[in-house]
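Hello,

Here is the model for you to look over. My notes follow below it.

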Amino acid sequence: MVRYGMVIDLERCVGCNACAVACKQENFTPSGVWWNKIVIKEEGTYPGTRIVSTPLACMHCDNAPCVSVCPTGASQKRADGIVVVDYDKCIGCKYCIQACPYGARQFMDKIRPYYPEQGLTPYEQFGYAKHQVGVVEKCTFCSQKIDAAAGKGLTPGVDTLATPACLITCIAYARTFGDLDDPNSEVSKVIAEKKARPMKPELGTKPKVYYVGLSEAW
Amino acid sequence: MGYRRLGEGTMADLTQVTWGWLLIWDFFLAGTGAGAYLTGILAEFLGEKHRVAAKIGTFLSAPLVIGGVLFLMLDLGRPERFMSVFSNFDSLIAIGSMFITAFLVVSVVHIGFWIWPFKMLEKANMARRALGIVGAILALGVMIYPGVTMSLTAVPLWATGLLPLLFIGVATLSGMAATVLVLAIYHARASGDVKERAVGSMKALATPLLGLAVFVLAVVFFLTMAVANIGPTGLESTTLLTTGAFAPLFWGGLVVAGLVLPILLLGMGVRAAGRLPVFAAVSSILLLVGGLLARFLVVSAGISLAPPHFAPGQEAYFSGYPPQFVTEFLVDVKPTGFDYAIVGVFFLVLVAAYFVAAKIVPTGKISTAKKV
């Protein structure tokens with residue numbers, strides 16, 4: 001059984017924000033909507049302080065609170081473990097936003113253009129058709145790319161066409177994506193070698209995004 | 001408290017901005033409706049002489065709950081799809097919606113027992129009481145479900161077993177206060193024998209009302225204490241309520257004006273029997289405002305465990321920079337003037353409604369009765 005997951009090596013991350021921008025390009029998220037964001041924090045006490053960047057997106061939990069609280073079944077976990085929102089089913093009650101302990105979800109109250117004074121650009125007109133107003137959105141592990149590549153002999157995490165945009169763009173090779181159930185996959189090896197751990201494991205959500213060198217403050 | 005800086009101490013740098021006044025009004029109206037129904041059933045079982053109180057409670061129930069449902073639907077991003085709320089019965093919103101629907105059916109049927117085309121059913125006491133018991137169970141469901149719903153979130157202030165208890169207490173309290181307020185209006189306009197009976201019902205309801213207010217006060221106390229001990233995020237919520245930006249509304253509004261003052265007034269009213277109606281009306285109004293404030297404070301002071309996220313429109317805080325590249329971002333966690341205005345206007349509307357309904361606008365029947 002395939003179970004997609006990701007590991008983010010914070011010891012490699014340089015905090016360039018390229019993944020956040022690549023995510024916006026791939027998924028055409030309107031102004032103010034960030035499926036993937038980088039939280040920049042100051043850690044330690046002077047003089048031993050440093051700036052730590054932590055990319056945050058959906059953790060695609062195995063035991064996802066957002067899925068069990070959704071009254072309509074719009075939030076669902078696919079067979080390959082990716083948690084997605086069916087925009088056609090979502091009623092926008094925002095319960096999942098309150099249930100998610102990672103702040104992965106955002107409510108689309110309206111579509112905000114990037115250049116309000118000149119309306120939607122042709123690029124925006126094309127891209128925003130993929131979004132709906134009044135529903136909740138979040139990172140999908142670029143499931144559209146994984147689905148499009150299915151049956152073409154491409155391996156998500158290895159072949160560019162079937163891999164999340166944030167990973168492809170990463171200048172520091174900080175991200176690894178693949179099948180967590182396959183012990184020989186790149187992602188499983190990195191997690192085992194570098195002792196990666198998920199964020200807030202004590203909540204019992206079983207996230208499928210792991211971090212290397214995650215600060216204790218999380 | 002006021003403005004917060006990202007990265008100070010905890011990861012909870014954003015109060016929840018997802019749920020607001022629309023949901024608060026839903027909680028208030030639906031809870032008050034269910035509480036009024038429960039009060040009506042209580043009066044019904046107290047005996048024939050409390051018939052008016054039973055009627056008032058029942059008549060308040062369905063309209064208030066329908067009002068709450070309207071606010072709930074306005075809060076949805078896609079109200080036109082509300083029917084699909086009954087899809088995943090793992091979700092408490094689905095279960096709660098079912099309780100609300102069933103309660104509305106039962107309470108509308110119950111109201112039917114009292115009104116014109118079915119007036120002959122008014123004598124069917126047994127049937128009405130049996131229906132009342134079913135309705136009371138459903139009313140409990142309507143009252144408790146927001147609390148249980150909120151307790152299954154990543155917000156420590158809400159994620160305790162005390163929240164369902166608070167919601168049950170506050171809903172019964174508001175519902176009973178609403179019933180007593182209408183009873184006081186009824187008393188002011190009635191005359192003779194009926195007037196005496198209204199005083200009797202008020203007297204009978206004053207003691208449970210007082211007890212409930214004390215209970216809610218205790219739950220509020222234990223809730224803030226318990227949440228403070230859960231962890232840093234919970235402590236922040238408690239701080240926000242007790243010494244932070246919400247403290248004036250918490251201490252002055254909820255604790256003193258919304259609970260302690262009505263408790264004292266009710267106690268005085270019960271002792272000085274002649275003044276009970278006025279005391280009961282004033283304390284009911286205060287209890288209703290306190291009930292609204294309790295929901296407002298619980299919803300607004302919730303701080304999520306989730307790392308800071310950027311709601312659409314929040315870029316306003318970043319003075320032109322996209323939030324991605326800002327390490328310090330400001331979130332206003334103060335109650336706004338709008339919040340104060342809503343609570344104040346609600347109080348004034350209740351006072352005005354009481355004066356208009358009880359004193360100023362006479363109907364033909366009662367004015368002739370007074371002349372006689």
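**The sheet in chain A**

In this predicted model, four strands of chain A make an open sheet, ordered 8-1-10-9, with mixed pairing. Its edges are strand 8 (175–179) and strand 9 (197–198) of chain A, each of which pairs on one side only.

Strand 1 (residues 4–9) and strand 10 (residues 209–212) of chain A run parallel, and four bridges join them. Met6(A) sits opposite Val209(A) of strand 10. Val7(A) sits opposite Tyr210(A) of that strand.

Strand 9 of chain A also pairs with strand 10 of chain A. Here the sense is antiparallel, over two bridges. Arg197(A) has Tyr211(A) in strand 10 as its bridge partner. Strands in a sheet pair through backbone hydrogen bonds, in either the parallel or the antiparallel sense.

Which way do the residues of strand 10 of chain A point? Val209(A) and Tyr211(A) point one way, while Tyr210(A) and Val212(A) point the other way. All of these are buried. In a regular strand, side chains alternate between the two faces of the sheet.

**Helix 7 in chain B**

Now to chain B. Helix 7 of chain B spans residues 232–242. Which of its residues are buried? They are Thr233(B), Gly234(B), Glu236(B), Ser237(B), Thr238(B), Leu240(B) and Leu241(B).

**Confidence**

The model has an ipTM of 0.89 and a pTM of 0.89. For chain B, the mean pLDDT is 84, and 84% of the residues reach 70 or more.

Confidence in chain B is highest in helix 1 (residues 21–46), at a mean of 95. Confidence in chain B is lowest in helix 11 (residues 364–371), where the mean is 44.

Two stretches of chain B need a note as well. Residues 1–14 of chain B have pLDDT below 50, and this stretch makes 39 contacts in the model beyond near neighbours in sequence. Residues 309–330 of chain B are also below 50, and that stretch makes 40 contacts beyond near neighbours in sequence.

Best wishes

Key:
Residues numbered from 1 in each chain as written. Chains lettered and ligands numbered in written order. Predicted model: local features only at pLDDT ≥ 70, side-chain atom pairs only at ≥ 80, totals over all residues. pLDDT = per-residue confidence, 0-100. Contact = placed C-beta atoms within 7 Å. Pairing = 2+ DSSP bridges. Buried ≥ 20, exposed ≤ 12 C-beta atoms within 10 Å, placed from the backbone.
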